[in-house]
Amino acid sequence: MSRILVFQHVAAEPLGTLDPLIRQRGHRVKFVNFERQPEAKPRLDRYKGLIVLGGPMNVEDRDARPHLQTEIAAIREALAQGKPVLGICLGAQLLAHALGGEVRRHHVSEIGWYDLATTAAGRSDPVFAPLGDIAPIFQWHGYTFSLPAGVAHLARTDTCENQAFRHGDNAYGFQFHLEMDKPLIERWLNLPNYRDELIAAGLGRNADSIRADTFARIEAMQGRAHAVFNNFLDLIGTPARRRRFAAA
């Protein structure tokens, strides 16, 4: 049975719809919640893959939150071991930083629903392709990243160029939140700090308009999200099979 290591930063940002997909496949999940265990020093040796979730902090907070540097080191360790890595929102920014990209505040926040446009590389990517040409996706971020050298650029929106990338053949960064469902979106809309961030962003939308968009768009996103996540989960365990093939 494969074991997957998951880095979580706050209780409000879990695996979401990715969680049942992982468990249905029989994978075991080990969570490291850095909000509760900021001094944790996880190692990758016992795990077949790494998933790094989102959070309200940023890569530039490394001095105040030393666990971010721990995570960057762990991501690099996973990459060096050839293990599949998936970074979501903050996780994508940490992955980009680990690969040499720059993470910085974006000129405009993206909160709510946006149309994601895939690149030619995204449309042909074995994990990302189910999103098609244009896909509705849920966003909640105020930072962005530059593309590290050598990665494949997979998607953009009208307001943020770098939305997704692939490093090698099994490490992915998604700036957006494919893992969302209606209850989780509602949870975010009711959290005071998230609600304040939405108001401060000045995007001309509020909780009610995001709820209305969610009702109209969540089903289309979830169907595609399941296909993307299942494609990523197909990669779990791949390095071990490759080693056996090479040894043969």
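At what angle do helix H5 and helix H6 pack, and how far apart are their axes? In this predicted model, H5 spans residues 182–190 and H6 spans residues 192–201. The two helices pack at an angle of about 80°. Their axes lie 5 Å apart. Angles of 65 to 115 degrees count as roughly perpendicular, so H5 is roughly perpendicular to H6. On the H5 side, the contact is made by Trp188, Leu189 and Asn190. H6 contributes Pro192, Tyr194, Arg195 and Leu198. By class, the residues of this contact comprise five nonpolar, one polar and one charged.

The largest pocket has a volume of about 330 Å³. Its lining is made up of 19 residues. Gly55, Pro56, Asn58, Gly142 and Glu197 lie nearest the pocket centre. Two or more lining residues come from each of helix H3 (90–98), strand E5 (103–118), strand E6 (134–145) and H6. The largest share of the lining, four residues, comes from E6. Eight lining residues are nonpolar, eight are polar and three are charged.

Confidence was examined along the chain. The average pLDDT is 94, and 95% of the residues score at least 70. Residues 238–248 have a pLDDT below 50. In the model, this stretch has eight contacts beyond near neighbours in sequence.

How values were computed: Residues numbered from 1 in each chain as written. Predicted model: local features only at pLDDT ≥ 70, side-chain atom pairs only at ≥ 80, totals over all residues. Heavy atoms only, no water. Axes fitted to C-alpha atoms, helices over the stretch in contact; angles between N-to-C directions. Parallel < 35°, antiparallel > 145°, perpendicular 65-115°, else oblique. Contact = heavy atoms within 4.5 Å. Nonpolar A, V, L, I, M, F, W, Y, C, P; charged D, E, K, R; others polar. 1 Å grid on protein atoms, 1.4 Å probe; cavity = no way out; pocket = protein on both sides within 12 Å on 5 of 7 lines; lining within 4 Å. Points joined across faces, edges and corners; volume = space filled by probe spheres on them. pLDDT = per-residue confidence, 0-100.
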